[in-house]
Amino acid sequence: MPSYGMLNFQSILGIGLMLLACWLVSENKKKFPIFLTIGAIGVQVLLVLLFFAFPQSQAVLDGINAGVDALAAATNQGTQFVFGYLGGGSQPYAVNDPNALFVFAFQVLPLILVISALSALLWHWHILKWITQAFGFLFQKTMGLGGASALAVATNIFLGMIESPIVIRAYLSKLSRSEVFMMMVVGLATVAGSTMVAYALILKATLPNAAGHVLVASIVSAPAGVLLSRIIVPEKDGEGGAVADYNSSLKYDSAMDAISKGTSDGLMVVMNISATLIVFVSFVTLVNIILGMFPHVGGEALSLERGLSYVFAPLAWIIGVPWEEAQKAGYILGAKLTLTEFVAFLKLGAIPVDEMSERTRMLMTYAICGFANIASVGITVSGLSVLMPERREEVLGLVWKALFAGFVATCLAAAIIGAMPDSLFGISDKVPEKVAVEAPLPPVAETPGEALADASASAQ
């Protein structure tokens, strides 16, 4: 039988506090969407139950994980064909450290290329389009969204935060200010299908059903984004509700055209991720070098990692994380916001199994599974400025609010997961003895490069 504990009530408290925080920054505090709140949370709970509550659910999750394994294996063959031993092929020399063979750039990022091309092909064959339209219909009926907004929200689950507006490009000029804000928030609260598989691969060694959790995280964060966006920027009476005919402008001439364009789009994503990781890891190093010049506090050198762990620990706690692990989880949340979600997933995957409970690891997966980070602000502004140049000033005025709402939306999704009985997910909320006894701060590698190497080894 499902059982509840203090951690579940902790998450329920967190849901209320996050809704309150968004209401406090609302542009119209007198117009709180009560029915939308019920509908959005209800949809999230329904989707979670659909994936985890039924006897057939585990078979579905096993299928998703098997699909990720198959895609990873197929991608490895292509990577080895191009890069040889650098991509994991036969080594031309004796290997003393097998973990050193895992090269992130050659064995994780190529997966994004394959998934991007596959997504484009499935869209051309109408398979992904039908799935998207089904979610769009669900969101339209349960949350009262206009057809165009519902379609944009649904496509954000599988496509990127810039690709999604392309699907409804013909309707962008008809969207109300509240609908534009909603589109931005949901885009920041979800991730693209091309990166989902990479995240699942990173967490595979430390989180059971990693692929299923990453997929569900992106799905349930969409209605959370809708809810928080409507709380902060409520729809005005008589505005919004643009109707879409679901014949999107995202089209390909043929299957080969879809594969080619999907590969090109994936290459841009890979290059962006690579460049962002290089720059942000370098910045972390610079900040830590500067902080290292100051006197030690508590017997340890000051670092960005320690600072983030303290700042975001209370947020981790209200999500449903035990206080013994709140600092470690807080650092993961801080890394997601300031260093991108990719770094956060790498950090989470690098934490040994005996140093974080499965419940906390699962909640953090939901909390960081979204594009809401500082780097994405520029991407959002530049992308939407091209698609809707006449509304650029409007986008600039909303983007920081959208970042706040998108970041809180993934935390809200995590809190909703935390409020549900742990037995639903087949996990124990027991905190590992090592964490409970020592309660260490997040591990600080000598350099961020070593941290990434540790994460890569864990992903292997």
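User: What should I know about the model before we start?

Analyst: It is predicted, with local features needing pLDDT of at least 70 and side-chain atom pairs counting only at pLDDT 80 or more, while totals for chains, interfaces and linings use all residues. Residues are numbered from 1 along each chain as its sequence is written, and side-chain values use heavy atoms, leaving out hydrogens and water.

User: Which residues of H6 are buried?

Analyst: Happy to show you! An α-helix has 3.6 residues a turn, so residues three or four places apart point the same way. Buried means under 20% relative accessible area, and exposed over 50% (1.4 Å probe, protein chains only). In H6, the buried residues are Leu 128, Lys 129, Thr 132, Phe 135, Gly 136, Phe 139 and Met 143. They cover an arc of only 130° around the axis, taken from the directions to the C-beta atoms, which puts them on the same side of H6. Exposed Trp 130 and Lys 141 sit on the face turned away from that buried side.

User: What follows H6?

Analyst: Gly 144, with a positive phi near 65°.

Note on methods:
Helix = DSSP H or I, 4+ residues; strand = E, 2+ residues; numbered from the N terminus.
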